[in-house]
Amino acid sequence: MDFNTKLLHGKTSGDYPYGATVPPISQVSAFRYESAEEQERVFNHKAAGFAYSRVGNPTVAAFEQRINELEGGSSATACSSGMSAITLALLNILCAGDEIIAGSGLYGGSIDLFEDLARFGIRTRYVRHVNVEEVEPLINEHTRLIYGEVIGNPGLDVMDVKAVADLAHSYGIPLITDSTTATPYLVNPLRLGADVTVHSSSKYINGGGNSISGVIVDGASFNWDFDKFRALDSCRKFGPMAYSIRLRTDLWENFGVCLSPFNAFMNIVGMETLGLRMEKICSNADTLAHVLDDIPGLSVNYLTLKGNPYKELAYRQLNGKGGGILTFRAGSKEKAFRILDNLRYVVRASNIGDLRTLAIHPASTLYIKSTDEQREAAGVYDDTIRVSVGIEDIDDLTEDFERAIKLAE
Ligand SMILES: *Cc1c(COP(=O)(O)O)cnc(C)c1O
């Protein structure tokens, strides 16, 4: 089955009560049992079933299974937000004294998280780009994972997933990727060798900008050395499944970052059109980037533009597509603000992956807590505008930007 068919008819779609074509919303906290014995089996993971919605829920499970199938994973765990997914994906294998190697241009929230983790004795060493040349010299006996975004938001650096995964594995370290901006439509990091991938499914997977959520997908392909990864010690007997099982039965349950059944439902409905949306979004973004690139005085960053250092890698790894985000530098903060204020259809809002085109001045909003150095690493300057391209008719979109830019002169 190809991508769009799989979204609708994959083996994890269907089988819902009454032949419902989408899963009913099991908006419930607890599940009733006929006998204490049966309840005991379910609570002890000896029988299939649901006990309490913090630990499992049919609608949430349906979402997890669909994402898992789409990413080619072994199991998926849905969380209340992308940030909670990232937090747990990392903490699941970390102990005080361990180190992470990560890109300095990551999503700002992730950088803030690493600073929080430092207070618990987990240190992050940063590279400007998550590639073999920069990562390898920082690997030491404390390194427990390498973390990076497949397409950086908003820096738009692309990670060569296979190359970094091969490097990590040669040192007995897993690679965890954030594939939010790439989406399963452009790439499956697990198929390229990443061990775990996370999504802020609030973005392209939901697609309509109507629910916050995240998901962790484990490939169960990493060969854990349980003497080195002490956090997984209690799950030794599960071998490559140790990561998922510890996550599911320990950290995720105890942190209580479950996804609400309603939001899981919104994600299932939204993701059925992921392929269609991404096709239109990537085509709109490519056209808009080229139109903006022809306007004197702007400097545009988009993966398929001539001269972009990641163009070749995007062709090789991302199906030749550039994704839905572009950024451009307007010349000054004042001009960037004037352009934003002149936009008629484009919505001034944070978030990415909406149906609507959204634009924002990241330096004064998303990166307000960051240092100049952190901003620069993320490709955020005082005059940068980030655009999350939507599915509008392209002529309306290009006209809106051209008009806003002309008026801002
Ligand atoms: C939005 C985003 C996150 C955080 O996700 P939330 O759902 O907002 O918690 C993490 N990584 C990337 C790349 C994002 O764009």
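**Reading cavities, pockets and the ligand site**

Q: Which elements each supply at least two residues of the lining of the largest cavity?
A: Those elements are α1 (3-9) and α3. Helices (H or I, at least four residues) and strands (E, at least two) are DSSP runs, numbered from the N terminus. This is a predicted model: local features need pLDDT of at least 70, side-chain atom pairs count only at pLDDT 80 or more, and totals for chains, interfaces and linings use all residues. Residues are numbered from 1 along each chain as its sequence is written, and side-chain values use heavy atoms, with hydrogens and water left out.

Q: What is a cavity, and what is a pocket?
A: Both are sets of points on a 1 Å grid over the protein atoms alone. In a cavity, a 1.4 Å probe fits but cannot get out. A pocket is an open set with protein on both sides within 12 Å along at least five of seven lines. Lining residues have an atom within 4 Å of a point. Grid points are joined across faces, edges and corners, and a volume is the space filled by probe spheres set on the points.

Q: How many cavities of 30 Å³ or more does a search of the whole structure find?
A: The search finds two. The largest cavity holds about 60 Å³ of space. Its lining consists of Lys6, Leu7, Gly10, Thr12, Ser13, Arg66, Glu69, Leu70 and Met271. The biggest contributor is α3, with three residues. By class, the lining has three nonpolar, three polar and three charged residues. Here Ala, Val, Leu, Ile, Met, Phe, Trp, Tyr, Cys and Pro count as nonpolar, Asp, Glu, Lys and Arg as charged, and the others, Gly among them, as polar.

Q: What volume does the second largest cavity have?
A: Its volume is about 50 Å³. Among its lining residues are Ser104, Tyr367 and Ala378. Helix α5 (residues 108-118) gives the most to this lining, three residues. The classes are four nonpolar, five polar and one charged.

Q: What volume does the largest pocket have?
A: About 770 Å³. It is lined by 26 residues, and His45, Gly49, Val55, Gly56 and Arg248 are the closest to its centre. Two or more lining residues come from each of α2 (36-43), α3 (58-71), β1 (75-79) and α9 (242-255). The largest share, five residues, is from α9. The lining counts 12 nonpolar, 10 polar and four charged residues.

Q: Which residues come nearest to the ligand?
A: A residue is near a molecule if one of its heavy atoms lies within 4 Å of it. The ligand has 15 residues around it, and Gly82, Asp178, Ser200, Ser202 and Lys203 come nearest. Helix α4 (residues 82-91) gives the most to this shell, with three residues. The shell has five nonpolar, seven polar and three charged residues.

Q: Which atoms of the ligand lie 2.6 Å, 2.7 Å and 2.8 Å from polar side-chain atoms?
A: Look for polar contacts, pairs of N or O atoms within 3.5 Å (within protein, one must be able to donate a hydrogen and the other to accept it, and residues adjacent in sequence count only if both atoms are side-chain atoms). A ligand oxygen is 2.6 Å from a polar side-chain atom of Ser202. A ligand nitrogen is 2.7 Å from a side-chain N or O of Asp178. A ligand oxygen is 2.8 Å from a side-chain N or O of Lys203. Taken alone, the ligand exposes 380 Å², and the protein buries 92% of that. Such areas come from the Shrake-Rupley method with a 1.4 Å probe; for residues, only the protein chains shown count as cover.

Q: Which peptide bond is cis, and where does Tyr18 sit?
A: Most residues other than glycine have a negative phi, and most peptide bonds are trans. The bond from Asn153 to Pro154 is cis, with omega near 5°. Pro154 lies in the loop between β4 (143-149) and α7 (161-170). Tyr18 is not a glycine, yet has a positive phi of about 60°. Tyr18 is placed in the loop between α1 and α2.
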